[in-house]
Every structure is written in C-alpha cells, then in structure tokens.
Amino acid sequence: MTRTLERVLRAFLEDPAADRYGYDLMKATALQSGTLYPLLTRLKEGGLVDAHWETPAEEGQRPRRYYRLTAEGVRWARLELAELAQRRSRRSAGASRPAQGTI
C-alpha cells in the first residue's frame with residue numbers, strides 16, 4: 001500500500017457514510033489533483049468507491065462529483081490499514097532489538 005492510498009483511505013474512513021468531493025479530499029490528504037483523481041478512478045473501477053455528480057443548488061455554482069467508499073470498500077480499507085499497522089508494528093519491534101550475536 002502506498003502512502004498516497006493510505007492517506008485517501010484514512011480520509012474516507014473519518015466518516016465512511018459521508019460523501020466527499022474532490023477538493024475536500026485534496027485538502028484532507030494534502031494531495032494534488034493529478035495524484036488524487038487517478039487514484040479515485042482506480043478505486044471506482046475496482047468497485048471500492050462510488051461516485052455521483054451533484055447539480056448545484058444555486059445558479060453559478062459548479063457541479064461537484066462526490067465520492068464514497070462502498071460497503072466492500074469500507075471493509076477492504078479497514079483490513080488493509082489494520083494489516084499495514086501490524087507490519088509497521090513488527091518492523092519497529094524488530095528494529096529495537098539488538099542484532100543476534102552482537103551481545
């Protein structure tokens with residue numbers, strides 16, 4: 001899992017039921033549009049994210065595309081982030097031990 005994907009999944013999981021629009025996700029993840037939107041497209045193609053356009057409530061506003069993790073996307077994201085945390089925990093635990101044969 002890339003750090004970019006991790007940041008996006010964590011942003012979605014802050015409130016899995018909430019629709020998030022692109023600019024909102026850019027602010028939450030500190031990612032540029034050229035990084036974020038291709039990732040959202042891949043997640044959508046993989047069935048992990050749903051997307052829909054919302055027409056503006058007021059004239060002159062631009063339409064927004066909203067994204068939300070699917071139920072499968074929420075399960076997958078939680079599992080992937082838990083596994084990532086375990087790998088990091090194992091690495092940090094192994095790094096704090098002296099190398100075998102050095103004591």
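User: What should I know about the model and its numbering first?

Analyst: The model is predicted, so local features need pLDDT of at least 70, side-chain atom pairs count only at pLDDT 80 or more, and totals for chains, interfaces and linings use all residues. Residues are numbered from 1 along each chain as its sequence is written, and side-chain values use heavy atoms, with hydrogens and water left out.

User: How many helices and strands does the protein have, and in which pattern?

Analyst: Definition before count. Helices (H or I, at least four residues) and strands (E, at least two) are DSSP runs, numbered from the N terminus. Here there are four helices and three strands. Along the sequence they follow α-β-α-α-β-β-α. The radius of gyration is 18 Å, well over the 13 Å from the globule rule for 103 residues, so the protein is more spread out than a compact globule. That radius is taken over C-alpha atoms, and the rule is 2.2 Å times the number of residues to the power 0.38.

User: What box do the C-alpha atoms fill?

Analyst: Roughly 75 × 25 × 20 Å, taken along the principal axes.

User: How do I read the sheet, and what is its strand order?

Analyst: Strands of a sheet pair through backbone hydrogen bonds, either parallel or antiparallel. Two strands count as paired if DSSP finds at least two bridges between them. This sheet is open, with three strands in the order β1-β3-β2 and antiparallel pairing. β1 (20–21) and β2 (49–54) stand at the edges with a single partner strand each, so one side of each has no neighbour in the sheet.

User: Which residues are bridge partners in β3?

Analyst: Take β2 and β3 (residues 64–69). They pair in the antiparallel sense over six bridges. His52 has Tyr66 of β3 as its bridge partner. Val49 stands opposite Leu69 in β3. Now take β1 and β3, antiparallel over two bridges. Tyr21 has Tyr66 as its bridge partner in β3.

User: What is the phi of Ala30, and where is Ala30 found?

Analyst: Most residues other than glycine have a negative phi. Ala30 has a positive phi of about 60°, although it is not a glycine. Ala30 lies in the loop between α2 (22–29) and α3.

User: Is Ala30 buried or exposed?

Analyst: Use the cut-offs. Buried means under 20% relative accessible area, exposed over 50%, and partly exposed in between (1.4 Å probe, protein chains only). Ala30 is exposed, at 58% relative accessible area. Across the protein, buried residues make up 29% of the 103 residues.

User: Where are Glu45 and Arg75 found, and are they buried or exposed?

Analyst: Glu45 is in helix α3 (residues 33–45). Glu45 is exposed, with a relative accessible area of 65%. Arg75 is in helix α4 (residues 71–96). Arg75 counts as exposed at 51% relative accessibility.

User: How far apart in space are Arg75 and Leu48?

Analyst: Compare sequence distance with C-alpha distance. Arg75 and Leu48 are 27 residues apart in sequence and 9.3 Å apart in space, C-alpha to C-alpha. Glu45 and Phe12 are 33 residues apart in sequence and 17 Å apart in space, again C-alpha to C-alpha.

User: What share of the contacts joins residues 24 or more positions apart?

Analyst: A contact means heavy atoms within 4.5 Å. Among contacts with a separation of 6 or more, residues 24 or more positions apart account for 53%.
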